[in-house]
Amino acid sequence: MATSVTFTMTRPLDKHTLRHSHDPRLPKGPEVLDIRSSQESLLHNLDSKILEGLSQPQGSKSFPSLLLWGEKGQVLYDDVLEAPEYYPYRVEDELLQQRVDDIARTVASTGTDMLIELGAGNMTKTAQFLSAIDNYISSPLVYYALDVDQALLERSIVALKRRVTFRHIEVRALFGTYDDGANWLASPEIAAYRRTLMFLGSSIGNDEQDAAVRFLSSFTQAPETGVPQNVAGFLLAVDGCQDAAKIEAAYDVPGGYSRRWVKQALEYARELLGEGIDRAEVDRIFDDNNWKFEGRWLPERQRYQTYLTTTCSLTATIRGQTITLEEGERLPIISSGKWTRETVDGVSLKAGLSIEKFWKNPEFDYNIYWLQPSLKRVDSGIVIIDELEAEGHDQVHHRNE
């Protein structure tokens, strides 16, 4: 029999005591904080990851998806977002605008100290949401935008502050990967603060389900120790559309915008690997003419998979590694999951989270979920009840607001 837990509320966390010893606006320092780990951050060894992916056996080769999110990639992706066929961005934006007050009130009600937006990008949807939260809080809150593009973070913060002035919210940014963010949040100087995570854009579906469970768990449990983090909630946007025609039009939009965005990964790879004596070899492998964009909807896996596919046989030696590619080899670079409510429920429960509330666009089955931990830290004012005491009370309840 699987072990299960539930909880009941006791006295609220003494915020005065917490803030007396830990200022939630810390750490002091630059507006954009570099949290990359020299040993662990993928941003430090993306060039090696490219070669590692290309050196795998036939059928297992891949490109790291981070190649899509350099500065030029972000600009080209903005063109994709503006295409009317790309419904996820438009539908999510409409849903946020329609339900922003209820979503903001839900987040504010937790008394969270920190709001961390994962993969914040250009923060185009952030201003309205933060303004709504600002109306519902009376104590300081720090908003952190996490992204892998430092230049974009700096520009976006300036633009955000020009658009709106907050009474209670301080705006900062974290430069690093998701792993870097999870490690930073688990650090001793930050771990005490109650945090809310926000992951929009249905990006959680980029991973397979097992990887998504690990991803969510990395923010709800300390990566090294497994100790539950002081998580107030997780705001998660997930696309549940299963309509093949709508999906295929969205991920290969007319005008070639999707194709230009994906193929610029080759240019980024040339920049990362092209210095020194291997330049001619690098140029041959990553020549745009030697690759084509391909994508397909895989209903049995509930995901759209995007590939770069070779148009000819290729061989080169780069940094001592011989790379051989056959004509027609299809290398995945990014995918987008389209998860039903049942899939989200299953992934969340495995990560120790439960759906407490959600907001839905019925036409596309696009949802914004409010998840909360099934197991919470003792210092967050939650008493954990063991399985025998919890019998009959461990069912997850869903509400369509």
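This report describes aromatic ring pairs and charges over rings in a predicted model.

## Basis of the values

In this predicted model, local features need pLDDT of at least 70 and side-chain atom pairs count only at pLDDT 80 or more, while totals for chains, interfaces and linings use all residues. Residues are numbered from 1 along each chain as its sequence is written, and side-chain values use heavy atoms, with hydrogens and water left out.

## Aromatic pairs

Rings of Phe, Tyr and Trp (its six-membered ring) pair if their centres lie within 6.5 Å, with planes under 30 degrees apart counted as stacked, over 60 as edge-to-face and the rest as tilted. The count by this rule is 15 aromatic pairs. One of them joins F63 and W291, whose ring centres are 5.3 Å apart and whose planes meet at 65 degrees, so this pair is edge-to-face. Because F63 lies in the loop between α2 (46–54) and α3 (71–82) and W291 in strand β8 (residues 291–298), the pair ties together parts that are 228 residues apart in sequence; helices (H or I, at least four residues) and strands (E, at least two) are DSSP runs, numbered from the N terminus.

Y77 and Y86 also form an edge-to-face pair, because their ring centres are 6.4 Å apart and their planes are at 80 degrees. Both of these residues belong to one aromatic cluster, formed by W69, Y77, Y86, Y251, W261 and Y304.

## Charges over rings

A charge sits over a ring if NZ of Lys or CZ of Arg is within 6 Å of the ring centre and within 35 degrees of the ring normal. K246 lies over the face of F364, at 4.5 Å from the ring centre, and R330 lies over the face of Y307, at 5.3 Å from the ring centre.
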